[in-house]
Amino acid sequence: MSEEFYRIKRLPPYVIAEVNAMRAAARARGEDIIDLGMGNPDLPPPQHVIDKLCEVARKPDAHGYSASKGIPGLRKAQANYYGRRFGVDIDPETEIVVTLGSKEGLANLAQAITAPGDVVLAPNPSYPIHTFGFIIAGATIRSVPTTPDEHYWESLDRAMKFTVPRPSVLVVGYPSNPTAEVVDLAFYERLVAWAKENKVWVLSDLAYSELYYDGQPTPSILQVPGAKDVAVEFTSVSKTYSMAGWRIGFAVGNKTLISALTRVKSYLDYGAFTPIQAAACAAINGPQDIVESNRELYRRRRDVMVESFGRAGWDIPSPRASMFCWAPLPPAISHLGSLEFSKQLLTHAGVAVAPGVGYGEDGEGFVRIAMVENEQRIRQAARNVKRYLQSMGVNTGSKNAG
Ligand SMILES: Cc1ncc(COP(=O)(O)O)c(C=O)c1O
């Protein structure tokens, strides 16, 4: 009996899981770990959303199998969101499918549209499902950069010229997890034109659509006229409404791709629990003040993080969007590499971060720091980091961290 499973062999041990296991062990020993590792929102969803969940759950007829493609009201709510936020017209019948979180949607769309040996262009570094969704489906990944500069376009063109078979899909995700990089509408205009010319599907991951901090709302690829000919976009209530555990996301856009994903899902699931879908409608259709106040809260955390870590002797760039700082290792100890540095931060500073190498080889030299603890805890993390850096002989200047 073989224990060498084809797909499992292609999934390396999850690097980030190593740090997570160390964090769990430290906590089990009673240590106070400041957890800036996972992108797991620490804020509660709006109260009216929880009330709606309870109200619908009390109905005796709300407990059967739900609709795999999502209840009509939720698809309409998401179409309305695209209308009011991006000015994009979406048909809730044919251009939207509700997913069990955007991660599930990305993975199952990969299954739906990929044949073994197909070549997929995915950013490096990136959120793991952007690559592993396709690797599980049997595809080969050709990495392209995450940074959306001229080198990015050159890499795309080179990939089309020299890869056999020609790549069939391109994954993009801005604001980026982990790098927090953003793009403007002109980028998507160029991308849509490029995809049409090269006959490549584009999958855009817009999980951080509402977490932007410089007053410039994050664009959607679907704002580009004709984008629906080549693109599908994934969004989610996980970060926007702090509902990560509820598992509700959306795929929106090209009818052919939506239909393929809907078909695969119809074999795999019965949709999310109806009360959860009804509550997600309440989130999207209801008052949006929480979206703005959460954005402001993350923006303050970002400023505190950049300032207090800077005073601790570690300069980290200020992200314009997302829930993350993408921080180069302090130069004096960059030889440790991102995994060892993350382990040392956990052990000696009681601070969990995510090693950049967990997001692809081009993430080496960086760690991802999530803004998922309050300002006081972030300042405490900075003080702990300062002590650790001093113990490593790093010059942290004379100012007090925090
Ligand atoms: C870029 C990106 N896409 C998708 C997801 C998954 O989101 P969901 O909870 O909707 O599956 C995450 C979660 O961290 C993410 O960072």
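This is a predicted model: local features need pLDDT of at least 70, side-chain atom pairs count only at pLDDT 80 or more; totals for chains, interfaces and linings use all residues.
**Sheets**

Seven strands build an open sheet with mixed pairing: its 7 strands run in the order β2-β8-β7-β6-β5-β3-β4. At the edges stand β2 (96-99) and β4 (140-145), each pairing on one side only. From one strand to the next, the twist averages 20 degrees. At one end of the order, β3 and β4 run parallel and are joined by 6 bridges. Within that pairing, proline 123 has valine 144 in β4 as its bridge partner.

A helix covers part of this sheet. Helix α10 (residues 255-268) lies across β2, β6 (201-205), β7 (231-236) and β8 (249-253). Its direction makes an angle of about 40 degrees with β2.

A further open sheet has 3 strands, in the order β9-β12-β11, with antiparallel pairing. Here β9 (324-328) and β11 (354-355) each have a single partner strand, so one side of each lacks a neighbour in the sheet. Strand β12 (residues 366-370) is antiparallel to β9, and 5 bridges connect them. Tryptophan 326 stands opposite arginine 368 in β12.

In both sheets, the general rule applies. Strands of a sheet pair through backbone hydrogen bonds, in parallel or antiparallel fashion.

**Helix packing**

| Helix pair | Angle | Axis distance | Handedness |
|---|---|---|---|
| α3 (residues 47-57) and α11 (residues 274-285) | about 150 degrees | 8 Å | right-handed |
| α2 (residues 15-28) and α13 (residues 337-349) | roughly 10 degrees | within 10 Å | right-handed |

Take α3 and α11 to begin with. Their angle is about 150 degrees, and angles over 145 count as roughly antiparallel. The two helices are therefore roughly antiparallel to each other. From α3, the contact uses His48, Val49, Lys52, Leu53, Val56 and Ala57. From α11 come Pro275, Ile276, Ala278, Ala279, Ala282 and Ala283. By class, this contact has 10 nonpolar residues, 1 polar and 1 charged.

Now α2 and α13. These helices cross at roughly 10 degrees, and are therefore roughly parallel to each other. On the α2 side, the contact residues are Val15, Glu18, Val19, Met22 and Arg23. They meet Leu339, Ser342, Lys343, Leu346 and Thr347 in α13. The contact of α2 with α13 divides into 5 nonpolar, 2 polar and 3 charged residues.

**An aromatic pair**

The whole structure holds 15 aromatic pairs. One of them joins tryptophan 153 and phenylalanine 187. Its ring centres lie 5.2 Å apart, and 50 degrees separate the planes. The pair is tilted.

**Backbone sites**

Asparagine 124 and proline 125 are joined by a cis peptide bond, with omega about 5 degrees. Proline 125 sits in the loop between β3 (119-124) and α6 (129-136).

Another cis peptide bond joins valine 164 and proline 165, with omega about -5 degrees. The loop between α7 and β5 (169-172) holds proline 165.

Alanine 180 is not a glycine, yet its phi is positive, at about 65 degrees. This alanine 180 lies in the loop between β5 and α8.

Key: Residues are numbered from 1 along each chain as its sequence is written. Side-chain values use heavy atoms; hydrogens and water are left out. Axes are lines fitted to C-alpha atoms, for helices over the stretch in contact, and angles run from 0 to 180 degrees between N-to-C directions. Helices (H or I, at least four residues) and strands (E, at least two) are DSSP runs, numbered from the N terminus. Angles under 35 degrees count as roughly parallel, over 145 as roughly antiparallel, 65 to 115 as roughly perpendicular and the rest as oblique. A crossing is left-handed if the near helix is turned anticlockwise from the far one by less than a right angle, and right-handed if clockwise. Contact means heavy atoms within 4.5 Å. Ala, Val, Leu, Ile, Met, Phe, Trp, Tyr, Cys and Pro count as nonpolar, Asp, Glu, Lys and Arg as charged, and the others, Gly among them, as polar. Two strands pair if DSSP finds at least two bridges between them. Rings of Phe, Tyr and Trp (its six-membered ring) pair if their centres lie within 6.5 Å; planes under 30 degrees apart count as stacked, over 60 as edge-to-face and the rest as tilted.
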